[in-house]
Amino acid sequence: MAKLEGKTALITGAAAGLGQGIAEAYVKYGAKLCMVDISKEVEDAAEKLRREYNAEIITVVANVADREQMKAAAAQTAERFGRLDIACCNAGVCRLAPFEEMSDESSYLTGSQIVIDGGSTLPETMSIGTN
Ligand SMILES: NC(=O)c1ccc[n+]([C@@H]2O[C@H](COP(=O)([O-])OP(=O)(O)OC[C@H]3O[C@@H](n4cnc5c(N)ncnc54)[C@H](O)[C@@H]3O)[C@@H](O)[C@H]2O)c1
């Protein structure tokens with residue numbers, strides 16, 4: 001039996017990069033997924049996994065910094081799969097540059113805030129899935 005068989009996971013930032021890789025690892029282990037991303041390309045990423053692994057996946061285009069959008073994503077997951085066991089709060093913006101080139105402090109803070117705000121929606125998101 002696969003380690004995540006019978007489990008449902010919501011993964012944010014799942015259209016690309018680490019989130020897409022985490023989604024693939026989760027379906028390999030048998031999880032059902034809600035793949036969330038601000039980019040509508042999340043549906044292409046999900047379709048690839050459905051074809052390759054016959055995985056059960058829904059997608060939601062949402063901004064993790066928007067609490068209402070995240071609550072709706074969790075509610076859709078619970079409605080479709082009947083449960084939400086795991087929230088992988090991966091979405092964020094990582095701007096890498098030498099320190100002396102980071103002159104635009106506000107844009108750096110905006111990136112950090114997405115991670116902070118996105119993370120703060122986690123408890124509420126999980127409570128919807130476990131009710
Ligand atoms: N790649 C690294 O080396 C590295 C290192 C340390 C931390 N991280 C962190 O890991 C996370 C993922 O990194 P990555 O390299 O895969 O990034 P990436 O840019 O390749 O992918 C990020 C994904 O998140 C989505 N996203 C961004 N803002 C969003 C929002 N507000 N709501 C919903 N989706 C949003 C993007 O559309 C994209 O699909 C980020 O939080 C990043 O800061 C990455």
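The legends below describe close-up views of a predicted model. Local features in this predicted model need pLDDT of at least 70, side-chain atom pairs count only at pLDDT 80 or more, and totals for chains, interfaces and linings use all residues. Residues are numbered from 1 along each chain as its sequence is written.

**View A. Helices α1 and α2 cross at roughly 25°.** The axes of α1 (residues 17–28) and α2 (residues 42–53) come within 11 Å, where helices (H or I, at least four residues) and strands (E, at least two) are DSSP runs numbered from the N terminus. Axes are lines fitted to C-alpha atoms, for helices over the stretch in contact, and angles run from 0 to 180 degrees between N-to-C directions. The two helices are therefore roughly parallel to each other, a term for angles under 35 degrees.

**View B. Residues of α1 meet residues of α2.** Gln-20, Ala-23, Glu-24, Val-27 and Lys-28 of α1 make the contact with Ala-45, Leu-49 and Tyr-53 of α2, contact meaning that C-beta atoms, placed from the backbone, lie within 7 Å.

**View C. Four strands form an open, parallel sheet in the order β3-β2-β1-β4.** Two strands pair if DSSP finds at least two bridges between them. Because β3 (57–61) and β4 (86–88) stand at the edges, each with a single partner strand, one side of each is left without a neighbour in the sheet. Neighbouring strands are turned by 15° against each other on average, direction ignored.

**View D. Strand β2 (residues 32–37) is joined to β3 by 5 bridges.** The two strands run parallel, and Asp-37 stands opposite Val-61 in β3.

Technical notes:
Parallel < 35°, antiparallel > 145°, perpendicular 65-115°, else oblique. Contact = placed C-beta atoms within 7 Å.
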